[in-house]
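Hi,

Here's the structure I said I'd pass on. Have a look at it first, and my notes follow below.

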Amino acid sequence: MAEHDPRLPVYGIAVAAQLSGVPEASLRLFEAKGLLTPSRSEGGTRRYSEEDIGRLRRVTDLRDEGVNIAGIRRVLDLEDENAGLRDELADGRS
């Protein structure tokens with residue numbers, strides 16, 4: 001059996017909204033503000049992966065804690081940078 005890839009974009013916007021508890025309009029806003037970058041099908045339909053859903057939950061957690069959009073973007077950028085550095089370190093040890 002093939003290993004599950006959490007980066008595989010499989011969910012449409014309606015399903016992503018339901019899984020995350022966020023309205024579709026908010027998903028579009030988060031994308032417009034650069035907080036989320038879903039994949040697109042050949043026809044241009046947004047497709048979300050499990051990783052996207054996790055990131056979306058992180059965005060809503062930060063928003064619920066009172067962090068504004070600019071602050072959320074900065075937190076996510078720093079988290080992404082840290083993850084990249086951790087990956088580089090892990091690759092160097094292998």
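First, a definition: I call something a salt bridge when a side-chain nitrogen of Lys or Arg sits within 4 Å of a carboxyl oxygen of Asp or Glu. By that criterion, a search of the whole structure turns up seven salt bridges.

Before the details, a word on the source: this is a predicted model, so local features need pLDDT of at least 70 and side-chain atom pairs count only at pLDDT 80 or more, while totals for chains, interfaces and linings use all residues. Residues are numbered from 1 along each chain as its sequence is written, and side-chain values use heavy atoms, with hydrogens and water left out.

The overall picture

The chain has four helices and two strands, in the order α-α-β-β-α-α along the sequence. Both come from DSSP runs numbered from the N terminus (helices: H or I, at least four residues; strands: E, at least two). The C-alpha atoms fill a box of roughly 45 × 40 × 20 Å along the principal axes. Of the 94 residues in the chain, 26% are buried; here buried means under 20% relative accessible area, exposed over 50%, and partly exposed in between (1.4 Å probe, protein chains only).

The accessible surface of the chain is about 6400 Å², and carbon and sulfur atoms own 49% of that. Those areas come from the Shrake-Rupley method with a 1.4 Å probe, and for residues only the protein chains shown count as cover. As for contacts (heavy atoms within 4.5 Å), take those in the chain with a separation of 6 or more: 55% of them are between residues 24 or more positions apart.

Helix 1

Helix 1 covers residues 13-20, and its buried residues are Ile13, Ala16, Ala17 and Ser20. Looking down the axis, these buried residues fall within an arc of 100°, so they line one face of the helix. (The arc is that of the directions from the helix axis to the C-beta atoms.) What do the buried residues of helix 1 pack against? Their partners are helix 2 (24-32), strand 2 (46-47) and helix 3. After helix 1 comes Gly21, which has a positive phi, near 75°.

Asp80 and Arg55 meet in a salt bridge at 3.1 Å, N to O. That pair links distant parts of the chain, since Asp80 is in helix 4 (residues 69-93) and Arg55 is in helix 3, 25 residues apart. Asp80 is partly exposed at 40% relative accessibility, and Arg55 is partly exposed too, at 23%.

Then there's Glu79 with Arg58, whose closest N and O atoms are 2.7 Å apart in a salt bridge. Glu79 belongs to helix 4 and Arg58 to helix 3, so this pair ties together parts that are 21 residues apart in sequence. Glu79 has 31% relative accessibility and counts as partly exposed, as does Arg58 with 29%.

Elsewhere in the chain, Asp5 forms a salt bridge with Arg7, with 3.2 Å between the closest N and O atoms. Asp5 is partly exposed at 32%, whereas Arg7 is exposed at 55%.

Arg40 and its neighbours

Arg40 is in strand 1 (residues 39-40) and is partly exposed, with a relative accessible area of 44%. Glu31, Arg40 and Arg46 are linked in a network of salt bridges. Leaving out residues up to four places away in sequence, Arg40 touches Glu31, Thr45 and Arg46. Its side chain makes a polar contact with the side chain of Glu31 at 2.9 Å, and a polar atom of the Arg40 side chain lies 2.8 Å from the backbone oxygen of Gly44. (A polar contact is a pair of N or O atoms within 3.5 Å; within protein, one must be able to donate a hydrogen and the other to accept it, and residues adjacent in sequence count only if both atoms are side-chain atoms.)

Asp52

Asp52 sits in helix 3 (residues 50-64). Not counting residues up to four places away in sequence, Asp52 touches Leu36, Thr37, Pro38 and Arg47.

Cheers

How values were computed. The arc is that of the directions from the helix axis to the C-beta atoms.
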